[in-house]
Amino acid sequence: MPPQLHTDHTSAQPAAPRPARRRRFALLAGLALALAVVVVAAVVLPTVNPPVPQAPPPPPPVASPQPPPPDPNAPCGGEAPLRDDGTEWRCTWSDEFTGTALSEVWELIPYGLGSSCLFDDPDYVQVSNGMLHLLARELPADHWCTEEYGLQYGGGGIQSSNGFAQQYGRFEIRAKLPPGTGFWPAIWLLPDDDSFDGEIDIMEAYGGRNNNGDATLHSPSAGPGPQNSCAIAPDMSADFHTYRMDWSPERIQVYFDDQLCADFTGPVGDAPSIRAAFDKPYHVLLNLAVQPWWPPDAATPFPATMLVDYVRAWR
């Protein structure tokens with residue numbers, strides 16, 4: 001008979017507790033809880049870094065003083081152009097044509113030009129809207145100019161001989177010429193001593209070829225003198241253009257819209273009489289006449305107007 005297993009549980013005693021194993025379990029549980037807290041803190045709480053010193057912001061830029069804009073009513077428009085050596089030209093006189101009356105510096109050109117008598121009354125010379133208006137008109141058959149001289153047209157013409165003349169320097173005029181065949185607008189200078197031994201044409205144009213202007217020197221002792229014809233624009237009457245002369249004892253240069261048109265050296269030769277003709281003060285003339293070489297046709301608009309924005313001189 002095999003041995004019998006003892007199955008009497010009534011006499012069995014419960015096993016004694018094991019304190020060391022429980023302490024190890026509690027320690028592991030505590031470590032796990034601490035690790036969980038650290039992980040949650042790393043995810044949830046923002047990272048706080050110590051403040052990093054920042055450089056102070058740069059000071060705001062100091063604005064450099066700006067010159068005031070040119071005053072259009074100031075002499076020469078408040079502008080001071082520069083010479084080739086970088087120094088400024090000094091304004092000596094200008095007419096900006098403000099107001100409604102012509103300055104007393106101006107007076108009538110006292111003779112006719114081409115096919116027209118010249119006038120300075122309000123039918124032919126006006127100042128308005130900051131501009132000088134020089135007009136050209138057809139004359140009636142019974143007008144004294146037509147009856148006495150056989151001229152069929154009248155035009156506006158003035159000269160600065162009542163108060164301004166200058167020897168050497170810079171002269172600049174901004175003007176808009178009229179469209180149409182037959183007109184003869186001109187910007188020119190004559191000796192202020194009425195000697196008529198020289199003439200400087202900064203610009204004269206002939207209606208019928210409105211894209212060209214002529215710059216010419218005249219001296220009776222030298223004949224017609226040198227002349228340059230310059231294209232300014234496809235139509236000189238379409239907009240304003242600037243006409244300028246730089247005049248020195250040895251040279252006269254004419255510019256259209258700051259582009260050199262004519263360079264007269266000497267100014268026209270070495271003969272003393274010729275040089276003397278251009279070594280004296282000259283005054284300025286402005287006119288809108290009618291010329292006979294390309295006479296008006298049926299499409300020529302009358303009355304016509306030449307507008308002058310300003311006349312300025314420096315030295």
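## Charge patch

Charge patches here join like charges within 9 Å, drawn from residues with over 30% relative accessible area and no salt bridge. A salt bridge is a side-chain nitrogen of Lys or Arg within 4 Å of a carboxyl oxygen of Asp or Glu. Asp and Glu count as negative, and the charge is placed at CG of Asp or CD of Glu. In this predicted model, one surface patch of negative charge brings together Glu 107, Asp 120, Asp 121 and Asp 123.

Asp 123 sits in the loop that links strand S3 (116-119) to strand S4 (125-128). Its relative accessible area is 46%, so Asp 123 is partly exposed (buried is under 20%, exposed over 50%, partly exposed in between; 1.4 Å probe, protein chains only).

## Leu 102

Leu 102 belongs to the loop between strand S1 (91-95) and strand S2 (107-108). With a relative accessible area of 29%, Leu 102 is partly exposed.

Beyond its neighbours within four places in sequence, Leu 102 is in contact with Phe 97, Val 125, Val 127, Leu 132 and Ile 158 (contact means heavy atoms within 4.5 Å). Ile 158 is 56 residues from Leu 102 along the chain, and their C-alpha atoms are 9.9 Å apart.

## Whole chain

The chain has three helices and 16 strands (DSSP runs: H or I of at least four residues for helices, E of at least two for strands). Of its 315 residues, 41% are buried.

## Basis

Residues are numbered from 1 along each chain as its sequence is written. Local features need pLDDT of at least 70, side-chain atom pairs count only at pLDDT 80 or more, and totals for chains, interfaces and linings use all residues, while side-chain values use heavy atoms, without hydrogens and water.

Key: Patch = residues over 30% accessible without salt bridge, like charges linked within 9 Å, V, L, I, M, F, W, Y side chains within 5 Å. Areas by Shrake-Rupley, 256 points an atom, 1.4 Å probe, with all protein chains shown as cover.
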